[in-house]
Amino acid sequence: MHSYPSGNRLPKFAMPFFMRSLAFLALICLLSLFSRFGASAAPTTAARPNAARPNIIIYMVDDLGWNHISASQVTMGTHSENYRTPNLEKLANEGLSFTHAYAQPNCAPTRSAMLTGQYPARIHNDVYVVRSLSRFNKSAKEGFTKDTASFVPQKQSEDVAVEAITIAEALKENGYATAHIGKFHVGGHRGDETMPENVGFDINIGGFSQGHQPTCFSSKKDGEWIFAKVGLGHFDQWASPYNEAYVKEHNLPAGLVGSPKHISDAVGDALEDTVAKLAGSDKPFYLQFHTYAVHGPIKARPDLLAAAEKYAATKAQYSGFIASVDENLRRMRETLEDPNGDGDTADSIARNTLILFTSDNGGTHAANTPLKGVKGMLTEGGIRVPLIAHWPGVIPAGKVTDHKTHCIDFYPTCLELAGGKWTPDPDEHPLDGESFASVLLKPNAKKQSAREPIFYFFPGYMDIRAEPSAAVIDDIKGKRYYEYEADAWKLYCLSNDQPEANNLIKSKPGIAATLSKKIHDWLTQEHATWQPKYPTVKKTGKPSGPPPVL
Ligand SMILES: [Ca+2]
Ligand SMILES: [Ca+2]
């Protein structure tokens, strides 16, 4: 049964466990989404003065679930009362919301995909999961232990390769200033050469190998206020307890005065300082604002916790932590309006700045209902994330699109918006992502060309959440398909089955065949940089190869 060498010539019922264990395809009916939200009939102005070479800010939250915000354009109305994010609602009301934005299933893989514009099967990326592909479950009751697993995963990288041409390096070549604030996670594990400042970022505040904040509040050590073990100490300059001037400036409750600083406010302080610096330069800028919120430990600022306890039926700490994300969005927008903070908006850069708000993976601290699963899984709850684009004067207010995106798309999108005069050599560093700049520039266009399929390949194990699998999210005849590999091929229609509950594989064999062929063709593409890490079949000692074509 486990003699599958590679290739696709196995008889149908001789599929190895890897292929049989759990697989599904899902489809989403796009037309029904459109009829729900409608599309504005207003014409788009093709060329606007501020549509060239904007400043670009990617505001990426950690572990924020797709519908853990109150912007209904993104959540398709599915969010609960537990989440109140008025500034995100405002952003969505004034910008463009994506209902089907996808990321990798957890932190490091999404960050490496964004930095490289590549899938993990590229040698410059090679980050499939946090830490290791051999994160077996310890209990045999669920998932797979090292003994019960049929495959032996390969080793992967934790850092983006030194040889990669990162999004920051590419944008620098196009004349951009570049900055990173907060969690980086995919550099510095083995040495300084992959640290943000050595892979294209002019400014790095806090970024290194660290995957989360050990603590959410500042503390006193040897007479100094610090954020203990967070971000290389870079945030310590903002660690002093709240004082009267600070609470007045930021319109916070006086009761906070004297209490330790929350990490979200410190990264907000870093943001204001950095935007002020970047705004004073002649160059357009690219800024990654990658927060520690809302990765665990989940601790909200006391006043946000108290407020959340009134509206959130459960998990008020989580809701309060999310509220700090929303506050920082307000601070970001106020800073763009008045970068030097003198009260005069003559120096505003808001109209020249594109904000892209998103998350690095699905939610993990609360259910993502109606989506199935959580962070770490390839079901919708693990990979679908919020995405809102805001660009005054270019993106009309209140737009919604079902154009699907993946986190590898940020790189080519930014490159195109930056003018694209310099692009990486496709022999050396090919980009797997697809620009969605046209969707941003012409959101009123009646027909956007559909994105190529989004693929997933996970050649390892992660506790009970993941096992060797492959998936595709496709568009066929106006519908969208999505596939996940394991016990048997499965197929879901997400437009009327968002929870992925009704397997349509038997009634849609043609679709299953088409999609399995697409996965095969994707995995077997030929390029020197494309080296999928197939796990080894224990019984044969040979690589599993790609899934079979149905
Ligand atoms: Ca994450
Ligand atoms: Ca000003």
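The mean pLDDT of the chain is 88, and a value of 70 or more is reached by 88% of the residues. Where pLDDT is low, predicted coordinates should not be read in detail.

For helix α8 (residues 263–279) and helix α10 (residues 316–337), the angle is about 15° and the axes are 10 Å apart. Because angles under 35 degrees count as roughly parallel, α8 and α10 are assigned to that class. Their crossing is right-handed. On the α8 side, the contact is made by S264, G268, L271, E272 and V275; α10 contributes S324, N328, R331, M332, T335 and L336. By class, the contact of α8 with α10 consists of four nonpolar, five polar and two charged residues.

Residue A71 lies in the loop between β2 (55–61) and α3 (72–75). A71 has 24 C-beta neighbours inside 10 Å; since a residue with 20 or more is classed as buried, A71 counts as buried. Beyond its neighbours within four places in sequence, A71 is in contact with T85, L88, E89, A92, S97 and I388. P86 is 15 residues from A71 along the chain, and the C-alpha atoms of A71 and P86 are separated by 7.9 Å.

Helix α12 (residues 410–417) is mostly covered, with seven of its eight residues buried. The buried residues of α12 are F410, Y411, P412, T413, C414, L415 and L417. Both helices and strands take part in covering them: the elements include the strands β2, β10 (285–290) and β11 (353–359), together with the helices α5 (107–116), α6 (167–173) and α13 (437–441). After α12 comes G419, which has a positive phi, near 105°.

Note on methods: Residues numbered from 1 in each chain as written. Chains lettered and ligands numbered in written order. Predicted model: local features only at pLDDT ≥ 70, side-chain atom pairs only at ≥ 80, totals over all residues. pLDDT = per-residue confidence, 0-100. Axes fitted to C-alpha atoms, helices over the stretch in contact; angles between N-to-C directions. Helix = DSSP H or I, 4+ residues; strand = E, 2+ residues; numbered from the N terminus. Parallel < 35°, antiparallel > 145°, perpendicular 65-115°, else oblique. Left-handed = near helix turned anticlockwise from the far one by under 90°. Contact = placed C-beta atoms within 7 Å. Nonpolar A, V, L, I, M, F, W, Y, C, P; charged D, E, K, R; others polar. Buried ≥ 20, exposed ≤ 12 C-beta atoms within 10 Å, placed from the backbone.
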